[in-house]
Amino acid sequence: MGIKKVEFNMYVKIKLKVTVMILLLLIGIPFSNIYASEQEPIHALLLYDGLAKGSSREGNVETMQRLLASYGIKVTQSTFDNYKKGGLAEYNKVIGIQNLDELSITNEDFINDLKIYKGDYLHIGTSIPSAVQVELNMVTNMLRDQFVKISMDQFSESRIHVKNMSYIVQAEGTFYGSIMSGNGDVRSPYGVRNDHFAYVPYYEQGNLSELAMSYVLKDWLDITRQGQTYLIFKEVYPFSDLKLLEKLADKLYDAGIPFMVSVRPVFMNVDYPAMHRYLETLKYVQSRSGSVLVNAPVVSSTASQDGLTLQTQMESFVDVLADYGIAPLGIGAEMYWSYDQQYAEYGMNFFDSSILFPNKDMRYWSRTDSSQPFASSLYSMQLDFLQQFDHNDTILQDLPMDSAITYDFSDNEVDMSKIVQTLNDSWITFADYRYGQHTVHTQANRIVSDNGLLTLNGQDVDLNDAYKNIGSEYAYTVEQEKSFAKLFNIQNNVFIVLIVVTLLIFGFLFIIGYRLYIRKYLNQRRK
Amino acid sequence: MSVSKVKLYIMNRFVLVSRFVSPALLAATCVLFITIMALFIPPYIGMADNGDYFRILYGNGLYFNTPDYDSQYFGYFIKHFGIFQYFNENSSDVISSQSLFIHFSVWMNKIFYDQQVFDIRFQAAMYTLLYTIAIYLLVESLTWKIPKKYGYPIAILAVLMFGDTGYTAYFNSFYGESVVIIMMVFMLASGLLLYRNRYNDYVLLAIFTLSGFLLTTSKQQNAPVGVIIAFICIILIFIRKQKTFRILMSSSLLILLLAGISTYALIPKEFVNINKYHAMTRGILMESKDPEVALSAFGIDKQYAILDKSIYYALNSTVDVNSEILEKNFYSQYGFGSILKYYFTNTGQAGKLFDLAAKSAFIIRPPAMGNYEKTVGHPAGEQTTFFSGYSLMKKALTPRTFGFIVIWMAVVVGLYIPSFIAALRAKNIRQAIRLPLVVTFILFGLSGILVSIIGAGDADLAKHVFLFTIAFDLVTFVFISDIIRRCLLRGDQEGGV
């Protein structure tokens, strides 16, 4: 009876869904949007023992967070110590990072929960839980104070110094890359994975392990889509050298390199000629295969922050861009913004696409352990980072995740020319951001990019609008209308004349009086 | 009892009281009593943090230990702070004489109260004591050897003006203004006591130098104070003929000059940037008819016009005030000198800013900060009216324009000139120092306004022009007292003895 009821309910649900879909199709909402809104991001739990500050492993938790974001994963982070019983059951994907060699995982709740855990678990570093060792039938050993070579896909890097590193002696599953000790004694896979469990012995920021991890992660997360590489310039201000930015856009356009700019938002004086020049340049950039992203504002203090202020300001800037025919497609921000409830809710909510830069100057407002996921998020890295690795092919293959080669825009023309030359020589195929699906919506505007087409409230964005030279004429101060201005002016002059005359007469009388006074004494003395 | 008998009785009592209670003692006691009532008896009066405490607090071994501290900014006065128990990694952001007072009060706090929690009232107690002494000396300098019928009104005037909680509430705060108030009073009092030839000259010289030094180094914007004293008070060297005195006095002035220069030189870069930012965005650009033209006068890209009227403290902004782009293309293009030159060539703009400054120059208590603790139950930002008659009256009645300041200066200086000339003619230098002292204090006030505008535009004017506020009150007090005691035009007979 019960089973029949469930079947009936399911039948009704499916029927309802089909009906709604047909209706939506009829009224013209793109199918992709329906799909996007229904697809829930994967929610992963990221556990770590510590941030390893002051050691070579410092920063690897943050890098992992950025990597997971680039795969569109919603992350909840916690330390092993703070783990609460039953927590694993809430997630299908759990990652554990053990950074401290001398300490093992002591949280019994975690150890016991892992034994009965049905989802996927990836362990990184030392202190490998017995469940992982058993599942992968894995034996490991330690390498101490040695130089190793790591290879992954087309990349390899020699002379990576490791202090204490586990390596896989024996395991069952799919192997990824390789680790080779400097003297050639040890040769082991970089990582191993079976259906549920995976293990990577070494993960640090700044060397090939940072990149190698993305290969293991991609398969472990069941991501099938190949990543693409983009190019982005940040630090674009309204008072940057706008002419140089236009020149840069021209050069990249001529070289066939599509690019993005993460532009600083402006919240005041948006009607000034300076702002119009800024907008005109961004529009020009857009016409030269440039995509515009809104960079997060600088937050000076969170003491008296008000969410609505940030929301209104961000919304107004997006609207200013849209009203000028510029289609912003995402937000560029330091990664910690996505781990802050207020920034995520009031500053990032307009965008379904982002690029998360490494944290530089963290000013949390309302820190949270769970991240804001994005349908599209790029992994920011510098070209120097990639170029430090040896690679087999001349052409650099796309990385597993969507990534963005990131540069700071500077006012130095020589530097910018060098960058263009380097990019030309780099053999990287850069993708056009506009070919991805990105949506930005405010109350007044809905900006969509899909398959290279930019639309603003359903209308195609005109990319060939003529460039306008903006002059300097502008009424900065509104002269207040004065009543009887002429009359008061005359009155002022009359008073000035009267006062001057009075002073002169007063001075004259004073001199006469003084002379009379002196004369009186002189006369007395004479007498 | 007939009327004449009552009169006689009162007169007798008055004579009896005046034998034991001098006007100076009366004024000091009243100020002490009122300040104790305000600061040490519930509801305690103090000042809310406007975000500035952080700089001075953490560098001096204290920290915010109130859980919801952030929500009480501007709103409520907080009296308890934590004392760092272990190594304090916060290097002192601000080099200020205020640190000496904080360290001393923390030390007292540790002895008498608690090792871990600092009660700001220990600091208030120390300031109150110093202030009482300063008020005593000030009133003594004006009432010594003058008829009691003149002395007591002067004492009452002093209580009304300087017992005002607009001033004394600062003692329950970490603002540098507390030091400014006390040291200004000490400086003027010691200067006037030298003029009146009351007390030992060497002791007064020490008080004058020390208070001038602490005043100059209390806040970065007080850097010109040392320079002003050093130049205007050269005349003090000649009040005695002894070589020792002259050498000591010259050395004191030199120390004050160096203190002024070093205070300016030691301003942390971050403050330079914040103030430099405001000097342009809240000063030059704000009052300019065409910000792009104004920028071109400094050789700055006209695109920076977009920063017109912006403030560093804006919650969300386009650019970080310490960013490389501003360092390279904005701050490097102007400085104190070029801004001063700009205002000289654009007097209309300068006039507008002076008027703007004058609007805040007569407000003793900055309107932004609350005076009560949260537990008292008053709304956030509420200010006390307890013994605030003078500050309220001043705010309501003074014509708040720069024109008024000019007239005030002209009247004060003009009316002190006759006695100055007379003293010079009589070759009585001691009698001549009153005018330079008054001019010194007027210049303190003007430097307060000028430095605020050139240094930070109209940003935070109510607090920045505090130096003028106190200088105006001190000079006006001396001026009115001299009218009361009939010494305005002819000077004092006691001087130069």
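The second largest cavity of this predicted model holds about 40 Å³ of space.

Rolling a probe the size of a water molecule over the atoms shows where empty space is left. How many cavities of 30 Å³ or more does a search of the whole structure find? The search finds four.

The largest cavity has a volume of about 60 Å³. Chain A provides its lining, made up of A:Arg57, A:Asn60, A:Ile97, A:Gln98, A:Asn99, A:Ile124, A:Gly125, A:Pro201, A:Tyr202, A:Tyr203 and A:Glu204. Two strands of chain A, E3 (93-98) and E4 (120-125), each supply at least two residues of that lining. By class, the residues around the largest cavity divide into five nonpolar, four polar and two charged.

**Helices side by side in chain B**

Now to the helices. Two packed helices are described by the angle between their axes and the distance between the axes.

| Helix pair | Angle between axes | Axis distance |
|---|---|---|
| H20(B) (residues 434-456) and H22(B) (residues 466-484) | roughly 155 degrees | within 7 Å |
| H10(B) (residues 223-232) and H11(B) (residues 243-265) | about 155 degrees | 7 Å |
| H5(B) (residues 121-143) and H22(B) | about 30 degrees | 10 Å |

Take H20(B) and H22(B), whose axes cross at roughly 155 degrees. Because of that angle, H20(B) is roughly antiparallel to H22(B). Their crossing is left-handed. On the H20(B) side, the contact is made by B:Arg434, B:Val438, B:Phe441, B:Ile442, B:Phe444, B:Gly445, B:Leu446, B:Ser447, B:Gly448 and B:Ile449. H22(B) brings B:Leu467, B:Phe468, B:Ala471, B:Leu474, B:Val475 and B:Asp482 to the contact. The residues of this contact divide into 11 nonpolar, three polar and two charged.

H22(B) also packs against H5(B), at an angle of about 30 degrees. Are H5(B) and H22(B) roughly parallel or roughly antiparallel? The angle makes H5(B) roughly parallel to H22(B), and H5(B) passes H22(B) in a right-handed crossing. From H5(B), B:Leu138, B:Val139 and B:Leu142 meet B:Leu474, B:Phe477, B:Val478, B:Ser481 and B:Asp482 of H22(B). This contact has six nonpolar residues, one polar and one charged. B:Leu474 and B:Asp482 of H22(B) take part in the contact with H20(B) and also in the contact with H5(B).

The remaining pair in the table is H10(B) and H11(B), which pack at an angle of about 155 degrees. These two helices are therefore roughly antiparallel to each other. H10(B) passes H11(B) in a left-handed crossing. By class, the contact of H10(B) with H11(B) has nine nonpolar and three polar residues, with no charged ones.

**Two spots in the backbone**

Most residues other than glycine have a negative phi, and most peptide bonds are trans. Against that background, two places are worth a look.

In chain B, a cis peptide bond joins B:Pro42 and B:Pro43, with omega about -5 degrees. B:Pro43 sits in the loop between helix H2 (23-40) and helix H3 (53-59) of chain B.

In chain A, what is the phi of A:Asp145? A:Asp145 has a positive phi of about 45 degrees, although it is not a glycine. You can find A:Asp145 in strand E5 (residues 139-152) of chain A.

Key:
Residues are numbered from 1 along each chain as its sequence is written. Chains are lettered from A and ligands numbered from 1 in the order in which they are written. This is a predicted model: local features need pLDDT of at least 70, side-chain atom pairs count only at pLDDT 80 or more; totals for chains, interfaces and linings use all residues. Side-chain values use heavy atoms; hydrogens and water are left out. Axes are lines fitted to C-alpha atoms, for helices over the stretch in contact, and angles run from 0 to 180 degrees between N-to-C directions. Helices (H or I, at least four residues) and strands (E, at least two) are DSSP runs, numbered from the N terminus. Angles under 35 degrees count as roughly parallel, over 145 as roughly antiparallel, 65 to 115 as roughly perpendicular and the rest as oblique. A crossing is left-handed if the near helix is turned anticlockwise from the far one by less than a right angle, and right-handed if clockwise. Contact means heavy atoms within 4.5 Å. Ala, Val, Leu, Ile, Met, Phe, Trp, Tyr, Cys and Pro count as nonpolar, Asp, Glu, Lys and Arg as charged, and the others, Gly among them, as polar. On a 1 Å grid over the protein atoms alone, a cavity is a set of points where a 1.4 Å probe fits but cannot get out, and a pocket is an open set with protein on both sides within 12 Å along at least five of seven lines; lining residues have an atom within 4 Å of a point. Grid points are joined across faces, edges and corners, and a volume is the space filled by probe spheres set on the points.
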